[in-house]
Amino acid sequence: MKEYNFYEVERKWQKVWDQTGLFESPDTSSKKFYVLVMFPYPSGDLHMGHCRNYVIGDVIARKKKLEGYDVLHPFGWDAFGLPAENAAIKRGIHPREWTLKNIEGSREDIKKMGISYDWKREVMTCNPNYYKWTQWLFLLLYKRGLAYRKKAFVNFCPSCQTVLANEQVLAGKCERCNTEIVKKDLEQWFFKITAYAERLLKDMEKLDGKWPRRVIEMQKNWIGKSEGALIDFPLEQNPDIKLSVFTTRADTIYGVTFLTIAPEHEILKVLIKDSEHEKKVLEYIENSLKVPEMERASIERKKTGVFTGKYAIHPFTKEKLPIFVGDYVLVHYGTGIVMGVPGHDARDFEFAKKMDIDIKIVIKPFNEELPEELESAYEEYGVMINSGEFTGLDSFKGIEKVCEKLSEMNLGKKAVSYRLRDWLISRQRYWGAPIPIIHCENCGTVPVPEKDLPVLLPEEVDYLPKGKSPLESSEEFMNTECPECGKKARRDPDTMDTFVDSSWYYLRYIDPENDKQIFDKEKVKLWIPVDQYIGGAEHATGHLLYARFIGKVLYDEGLINSDEPLERLFTQGMILRKTPSGEVEMMSKRAGNAVKIKDFVKEWGADVARINILFAGPPERDFEWTDEGVQGAKRFLLRVWKLFTENEDIFKKTDSQIDKDRLEGKERDLYRITHIYYKRVFDDIENYKFNTAIAAMMEWINHLYSFEFKLSPVFGYSLNMLCITLAPFAPHMAEEIWAKKSEQSIFKQRFIEPDKEIIEEEKITLVVQINGRVRGKLLVERGLTEEDVKKIALSIPNVKKHIENRKIVKMLYVPDKIFSIVVK
């Protein structure tokens with residue numbers, strides 16, 4: 001057998017693909033498929049841990065090309081942001097130099113994997129021809145009232161020296177460096193994503209069955225819709241000032257004995273100003289903000305607080321209610337003020353006990369009484385008691401009536417609250433798109449005119465993080481003229497969060513060289529929505545939520561034709577590997593268990609890597625990269641190569657056409673088996689069952705090796721079909737095999753529809769027995785594996801009925817005849 005050199009063969013075909021422009025996408029299409037993978041941060045060498053979604057996307061793209069689709073399969077780089085900047089600073093290299101150098105190396109790595117990207121559409125978010133339009137997008141949101149600047153307590157990472165959006169804080173720590181965040185009162189830019197909260201929630205119905213259920217649930221929980229009431233509690237000292245509280249339990253209104261305000265709440269400045277309690281409250285606020293929010297919100301943590309010296313008036317009873325500041329109240333939940341109902345809320349009960357505040361019982365269970373002294377809060381619904389005119393109403397009716405009464409008094413109304421908070425997009429770091437705003441003493445906040453975009457990021461800047469925006473140190477950058485009055489003015493010194501860059505990149509791929517507009521609407525109309533998006537579920541409440549929001553803004557502006565432009569989503573599992581210490585962790589350079597692409601491909605080959613990744617298990621689950629898996633992938637491919645080289649003559653003589661009506665006996669069986677496996681593989685690709693697709697090819701190959709009549713045309717026909725089936729998985733080997741018979745790329749071939757007639761014709765009736773008695777019959781394809789038959793048999797209602805609550809002792813499968821189950 002001619003020796004197969006993976007590395008040399010792969011280099012040859014990658015060069016051919018590049019020279020012929022095989023995977024370049026057309027500008028017009030009547031049958032399109034847009035497959036997109038999440039683009040990476042170019043912060044270091046790429047390794048196999050990065051490759052899983054790229055390989056998955058490539059299998060899909062190549063399959064669709066075989067099926068006759070015009071495929072858009074682009075790639076680019078999320079080049080701005082902390083990962084690249086931190087890596088550059090660590091090495092004493094300018095972020096631009098470091099980023100571009102990494103992109104160059106990473107691009108070559110990905111090409112070595114044989115991924116079918118259209119590199120002419122490559123984008124880099126750090127290039128002015130890209131971030132010009134990120135700035136334009138900012139101005140669009142500003143024009144639509146969706147970008148604003150305000151002073152607020154924000155998450156600040158002491159290590160990264162910048163603010164973070166809520167979505168970038170995990171368990172009270174920076175998602176990037178794992179440092180505990182602190183709160184700082186800073187003036188920042190926000191995008192008003194809350195204006196789209198209801199649409200983002202409701203439109204998940206459009207994604208049902210197309211996005212993973214867990215991603216949809218994560219977004220629903222993050223948006224966190226609650227239906228309830230806003231209730232106003234007038235301030236005793238100044239009734240014009242009303243403290244608004246959101247609650248889902250308006251039926252407990254008569255149980256309110258105090259109010260508690262979050263330490264960050266702006267109203268506290270008004271309440272304590274020049275009062276005898278001011279110093280004590282300010283000290284408490286300062287200490288509270290040092291505690292991570294996750295810890296503050298913990299049920300186990302003891303509740304703390306201080307009295308502000310002020311009182312609110314109960315809207316119904318007119319009682320004086322003491323006002324506290326307490327760190328267990330979070331400013332971004334509801335209104336940041338809670339009504340204390342200690343009889344019916346566990347946190348309020350604990351707080352009231354500590355502060356010696358009255359506890360009133362105003363809800364009782366439907367069918368029993370509560371003791372006069374509660375040992376814990378009764379938090380269930382029930383019947384209202386001690387509640388004035390509402391006494392005797394059940395909680396649900398009571399909520400309605402209380403809301404009606406409050407509305408009549410202009411002290412409340414029905415309301416909806418969302419957990420979602422506006423997107424904090426300004427960063428006090430260098431490596432990002434400058435915010436296109438000018439601050440003028442005469443004119444205030446002025447947007448940069450579109451004709452002056454891009455606002456270029458200066459290169460000669462002290463970019464080391466110091467807790468304030470590095471661009472402030474560049475007088476040349478900061479000093480400008482106001483576009484409205486012409487007087488001296490200052491630029492905004494902050495840069496944008498890199499999630500802004502990645503919120504729209506999939507649209508720029510469609511029209512990457514356009515310097516007149518963000519993209520051509522007609523071109524976008526052709527390709528949007530994205531037919532398949534592939535990436536990690538960890539982006540559920542970050543990138544994926546932001547991209548949906550920006551998509552809706554662009555849709556409302558009439559720029560795109562879909563308000564859910566990412567139609568289908570697949571989230572892959574991670575690649576794990578043993579570390580030098582023997583523990584199995586996610587593959588990463590940090591863990592010391594990374595397998596570099598360039599090193600692996602040179603030793604083993606890209607097709608081996610691809611088969612190892614795809615065969616290891618269901619792609620949505622994590623899998624461990626092992627030497628055994630790699631060796632198994634290579635053995636499989638060499639077995640394929642041996643099969644074709646040993647039968648080269650018959651393969652070259654036959655094509656993908658054959659007269660099945662002239663086939664009999666074993667030749668007809670091989671024809672049928674070919675179409676069964678061919679269909680199974682392509683169906684499995686469509687359903688993201690790549691491991692079972694490869695398993696089916698392995699079985700198919702076994703049939704071919706054992707087939708007696710290897711000079712028969714049907715044998716050559718089956719080899720043809722197998723080569724086409726192999727192509728999405730191991731494209732280099734498939735091209736090398738196909739080149740034995742054709743000068744045209746295998747990816748110029750067209751998908752042959754499986755012969756459903758022969759598959760249906762050759763179905764057999766399989767009997768399912770339990771303890772020797774027939775309990776079911778199945779009409780199935782010949783040649784099903786025992787595992788396939790087992791799954792089908794155990795799903796038959798009558799079989800399920802007879803094995804329920806019984807132990808299965810053994811199962812026996814006589815191929816194509818009987819599946820027998822023994823139970824006791």
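Visitor: Is Y378 buried or exposed in this predicted model?
Guide: The model is predicted. Y378 sits in the loop between strand 16 (363–364) and strand 17 (383–384). Buried means under 20% relative accessible area. The relative accessible area of Y378 is 16%, so Y378 is buried.

Visitor: Which residues does Y378 touch, leaving out those up to four places away in sequence?
Guide: Y378 lies in a loop. Its C-alpha is 23 Å from that of E319, a residue 59 places away in sequence. Its contacts are G343, H344, I363, K364, P365 and L370.

Visitor: How many helices and strands does the chain have?
Guide: The chain has 824 residues, and 57% of them count as buried. Its C-alpha atoms fill a box of roughly 100 × 80 × 55 Å along the principal axes. The secondary structure comes to 29 helices and 34 strands.

Visitor: Among contacts between residues at least 6 apart in sequence, what share joins residues at least 24 apart?
Guide: Take W625 as an example. Its contacts include M48 and I575. Across the chain, among contacts between residues at least 6 apart, the share joining residues at least 24 apart is 73%.

Visitor: Which residues touch the most other members of the largest nonpolar core?
Guide: That core holds 189 residues. Apart from it lies another core of 39 residues, among them V306, F316, I363 and M384. In the core of 189, the residues touching the most other members are M48, W423, W625 and F729.

Visitor: Helix 26 (residues 731–738): how many of its residues are buried?
Guide: The buried residues of helix 26 include P731, H732, E735 and W738. They pack against helix 1 (6–20), helix 2 (48–66), helix 20 (606–615), helix 21 (627–646), helix 22 (648–653) and helix 25 (713–726). Helix 26 is largely enclosed by the rest of the structure, because its buried residues number eight of eight.

Visitor: What do the buried residues of helix 3 pack against?
Guide: Helix 3 spans residues 82–91, and its buried residues are L82, P83, A84, E85, A87 and A88. G92 follows the helix, with a positive phi near 70°. The buried residues pack against helix 4 (95–112) and strand 6 (162–164).

Visitor: How many disulfides does the structure hold?
Guide: A disulfide needs two cysteine sulfur atoms within 2.5 Å. The cysteine sulfur nearest to that of C177 belongs to C157, 3.5 Å away, and C177 is in no disulfide. C485 is in none either; its nearest cysteine sulfur, that of C440, is 3.7 Å away. The number of disulfides is zero.

Visitor: What is the relative accessible area of C485?
Guide: Partly exposed covers the range between buried, under 20%, and exposed, over 50%. C177 counts as partly exposed at 30%. C485 is also partly exposed, with a relative accessible area of 33%.

Visitor: Which residues does S288 contact beyond its neighbours within four places in sequence?
Guide: S288 belongs to helix 10 (residues 278–288). It is buried, with a relative accessible area of 3%. Its contacts are P263, R296 and D327.

Visitor: Is the peptide bond from I528 to P529 cis or trans?
Guide: Most peptide bonds are trans. P529 lies in the loop between helix 17 (521–527) and strand 26 (532–535). Omega for the bond from I528 to P529 is near 10°, and the bond is cis.

Visitor: Where is P454 found?
Guide: The peptide bond from L453 to P454 is cis, with omega near 0°. P454 is found in the loop between strand 22 (444–447) and helix 14 (475–478).

Visitor: Is N386 buried or exposed?
Guide: N386 is in the loop between strand 17 and helix 13 (395–408). Its phi is positive, near 50°. The exposed class starts over 50%. At 54% relative accessibility, N386 is exposed.

Visitor: What is phi of Q161?
Guide: Q161 lies in the loop between strand 5 (147–157) and strand 6. It is buried, with a relative accessible area of 19%. Most residues other than glycine have a negative phi. For Q161 phi is positive, near 55°.

Definitions and conventions:
Residues are numbered from 1 along each chain as its sequence is written. This is a predicted model: local features need pLDDT of at least 70, side-chain atom pairs count only at pLDDT 80 or more; totals for chains, interfaces and linings use all residues. Side-chain values use heavy atoms; hydrogens and water are left out. A nonpolar core is a set of buried Ala, Val, Leu, Ile, Met, Phe, Trp, Tyr and Cys residues joined through side-chain atoms within 4.5 Å. Buried means under 20% relative accessible area, exposed over 50%, partly exposed in between (1.4 Å probe, protein chains only). Contact means heavy atoms within 4.5 Å. Helices (H or I, at least four residues) and strands (E, at least two) are DSSP runs, numbered from the N terminus.
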